[in-house]
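Colleague: I am new to this structure and would like to learn how to read its domains and strands. Could you take me through them step by step?

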Amino acid sequence: MPNEDFVTIQVMERSARVPASLTIVKALEYAGYKLTRGVGCRAGFCGACGTVFRLKGDPKLNYALACQTVVQDGMYLAQIPFFPGQKPAYDVTKLTADAQSILGIYEETIKCFGCNTCTKSCPQELEVMDYVSAALRGDIAALADLSFDCIMCGLCVARCPAELVPPHIALLGRRLYGREVQPKAPDLQARIAELDAGKYQDEIAELKAMPAEELKQKYITRDIEPV
Amino acid sequence: MSYTAAMRESIAKVEATREARLPETYPSLEHDEAQEVLRRFHPDYIEERMRELRIGRNKGSRAPVELAEVLEGAPALTRDLVDLERVDLETDVLVVGGGGAGASAALLAQENGAQVALVTKLRFGDANTMMAQGGIQAADKPSDSPAIHYLDVMGGGHFTNVPELVEVLVMDATYVIRWLEELGCMFNKRPDGVMETIHGGGTSRKRMHYARDYSGAEIMRTLRDEVRCRPEIQVLQFSPVVELLTDGEGRVTGAVLRSFESNEYLVVRAKAVILATGGSGQLQYQGFPCTNHYGATADGLVLGYRVGAELSFLDTMQYHPTGAAYPEQIVGQLVTEKVRGLGAQLCNVDGVQFTYPLEPRDIEAAAVIRECTERGKGIPTPAGGVGVWLDSPLIELKHGEGTIARELPAMVRQFARFGIDITREPMLIYPTLHFQNGGLSIGVNGETAVQGLYVAGEVAGGVHGRNRLMGNSLLEITVFGRRAGRAAAAYAAGVELGAISLEHVEAWTAERAEAGLDGGLVAPILLPDYTRHDRLPLATPVV
């Protein structure tokens with residue numbers, strides 16, 4: 001595009017003129033940096049590219065995913081390579097779905113004083129403080145639901161003045177919810193009983209042995225469950 | 001950044017036909033007709049974008065030119081660059097790759113008594129697994145059976161799949177879902193615990209289990225957490241494997257890693273190696289954008305091929321029918337098939353539906369390409385691209401207001417970031433490179449013809465034949481990751497650590513020279529290079 005607009009951004013403590021339409025990741029590459037840290041799926045799912053930036057003349061810190069945010073003129077940015085939040089080992093099968101389990105592993109959760117900085121720093125726009133509150137009162141269902149779209153970028157961890165690690169608290173909560181609160185799927189148990197008894201083995205063997213043309217006909221004429 | 005005026009005119013036509021289309025089911029293509037559309041419009045069939053491999057075990061096999069270049073590539077490592085006497089790590093099982101297959105393999109190898117190290121090129125969990133949105137197939141509903149699943153998989157792959165691999169895929173599926181449930185994966189369930197399941201392209205039963213539209217992310221973060229809960233599994237990040245090591249007699253006995261941070265080479269001796277390195281979408285096949293992770297550069301194919309493992313189905317790539325075509329910032333990124341699974345239809349510039357929305361992916365992609373090329377019914381984009389409409393608002397009409405927000409939060413967020421509300425407006429889509437159908441040939445436990453080398457996940461070939469169905473990759477990585485982990489642990493229990501050498505690398509270099517392949521790419525390439533190489537003028541600091 002010949003007449004493309006350019007903006008000036010400050011990256012790696014050096015400024016660069018880059019096309020205004022680029023995302024931060026692509027702008028970094030345009031400026032010559034081949035990234036290993038601070039880049040991942042490039043589609044907003046992996047949480048590798050948490051970015052903190054200011055705009056010229058404005059003291060406010062902003063938070064973004066570098067792969068999902070377009071550059072702005074005067075953007076002064078830093079990629080957060082990782083954040084050393086704690087992640088203890090635990091045996092999820094020995095835990096119950098309650099506040100005690102979470103506080104037993106992440107005891108600092110109790111230090112949350114409700115400043116809401118975590119929520120303000122979330123690039124997924126999740127109600128982070130609300131899910132931390134849910135963890136504290138043992139509402140595992142709310143914790144799991146509110147935190148579900150967390151991509152674990154760690155920006156809230158970097159900002160929390162009480163030194164909580166909300167993504168790990170949330171992950172533990174979701175695992176407890178998935179294991180202990182959601183009822184087990186009855187169909188799975190029934191099908192596994194059949195499989196353990198050897199059901200379907202003969203049917204599959206028959207399909208494997210079927211002449212190609214017959215298998216194709218069987219496929220073409222199979223009944224399809226309505227959408 | 002919302003839609004242009006010209007796009008809005010076309011959207012008005014989509015809106016005008018919406019009510020009438022709602023109850024319609026566009027007929028799927030008859031078998032012969034589908035084959036014809038594939039032959040004429042699918043990128044796999046463009047002869048000049050394929051060539052024969054000139055060296056290695058598959059010499060003479062066809063592969064995309066981009067893949068052939070890396071498979072024939074020059075080794076980065078020579079004997080003088082690394083001291084094999086200085087061993088940095090010894091382990092029973094070395095898992096290469098930190099996606100879903102690698103994590104599954106590490107867990108099962110550890111459970112089966114092996115000492116395990118997992119090494120990964122970028123962060124643990126940064127993988128295509130994390131990006132899979134739609135779901136995971138398993139035939140566990142009363143109306144379904146593994147045999148019906150088997151038939152769907154074989155038909156989707158045009159009956160080219162390796163039957164034994166399909167058999168274990170469908171027979172293990174229910175066990176895998178239960179395993180994930182016990183690990184605490186939060187699948188969408190009804191209040192009574194029954195899994196919510198929907199269709200995917202080419203499925204004859206609703207067997208797609210999902211976790212909103214973060215299905216892969218939910219599986220990945222759970223598996224990653226479980227690995228981190230077992231400190232006996234050693235995890236080494238930002239350390240890609242640049243070469244496997246062999247004992248000089250054809251057995252794989254370790255690997256050399258390169259630390260991205262320090263540029264040191266690290267030597268690992270292992271009784272067994274499991275390659276779980278994923279795909280190759282970042283090779284930018286035929287200039288297509290891709291849905292893949294930054295690290296999807298065919299590393300495992302290169303490493304395995306160099307030690308003599310066989311490759312299969314190299315000449316078939318999966319182009320996902322619905323990649324974002326607009327706005328520019330997200331071109332090529334995945335628009336999950338779940339959107340069509342929930343009832344969205346595909347419409348052309350005139351607002352007319354032109355294909356059955358749940359064809360297998362290769363046929364659907366070819367139908368979209370036909371609409372935009374031969375039929376000229378696509379919608380042009382300002383950046384010179386083209387696409388057709390995926391009419392998402394239909395989902396709200398079909399299943400009620402709020403369905404999209406509940407079922408597709410990632411998609412809503414992705415488009416909202418650029419000013420598009422997919423609950424009210426359709427998405428512009430075009431096929432995007434999504435998956436490597438082929439790969440290293442495996443047996444039912446991920447074993448290869450090379451002793452000590454196991455393979456699991458997208459880097460393997462044969463399970464899907466020439467076309468994978470939606471929801472069978474999350475299934476493949478867990479089924480075969482678990483199998484390879486178990487098998488590698490059993491193998492490791494019966495052997496001693498072997499001698500380590502780069503003899504196969506020297507043989508490879510000699511074979512390249514003999515074939516006249518001087519120069520060429522250094523492979524594995526590890527990361528794509530998107531940097532601009534001409535130097536920019538210094539700009540005035542902004543602060």
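Modeller: Let us begin with domains, whose bounds come from an automatic or database domain assignment. For chain B this assignment gives domain 1 (5-41 + 318-433) and domain 2 (79-316 + 437-503). Residues are numbered from 1 along each chain as its sequence is written, and chains are lettered from A in the order in which they are written. This is a predicted model, in which local features need pLDDT of at least 70, side-chain atom pairs count only at pLDDT 80 or more, and totals for chains, interfaces and linings use all residues.

Colleague: How many residues does each domain of chain B bring to the contact?

Modeller: Two residues are in contact if their C-beta atoms, placed from the backbone, lie within 7 Å. By that rule, domain 1 of chain B and domain 2 of chain B supply 26 residues each, while their C-alpha centres lie 31 Å apart.

Colleague: Which element gives the largest share of the domain 1 side?

Modeller: Strands are DSSP runs of E with at least two residues, numbered from the N terminus. On the side of domain 1 of chain B that touches domain 2, β13(B) gives the largest share, 4 residues.

Colleague: Is β13(B) enclosed or open, and what does it pair with?

Modeller: A residue is buried if 20 or more other C-beta atoms, placed from the backbone, lie within 10 Å of its own. In β13(B) 8 of the 8 residues are buried, so this strand is largely enclosed by the rest of the structure. Strands pair if DSSP finds at least two bridges between them; β13(B) and β17(B) pair in the antiparallel sense over 6 bridges, with B:Q318 opposite B:F435 in β17(B).

Terms used:
Buried ≥ 20, exposed ≤ 12 C-beta atoms within 10 Å, placed from the backbone.
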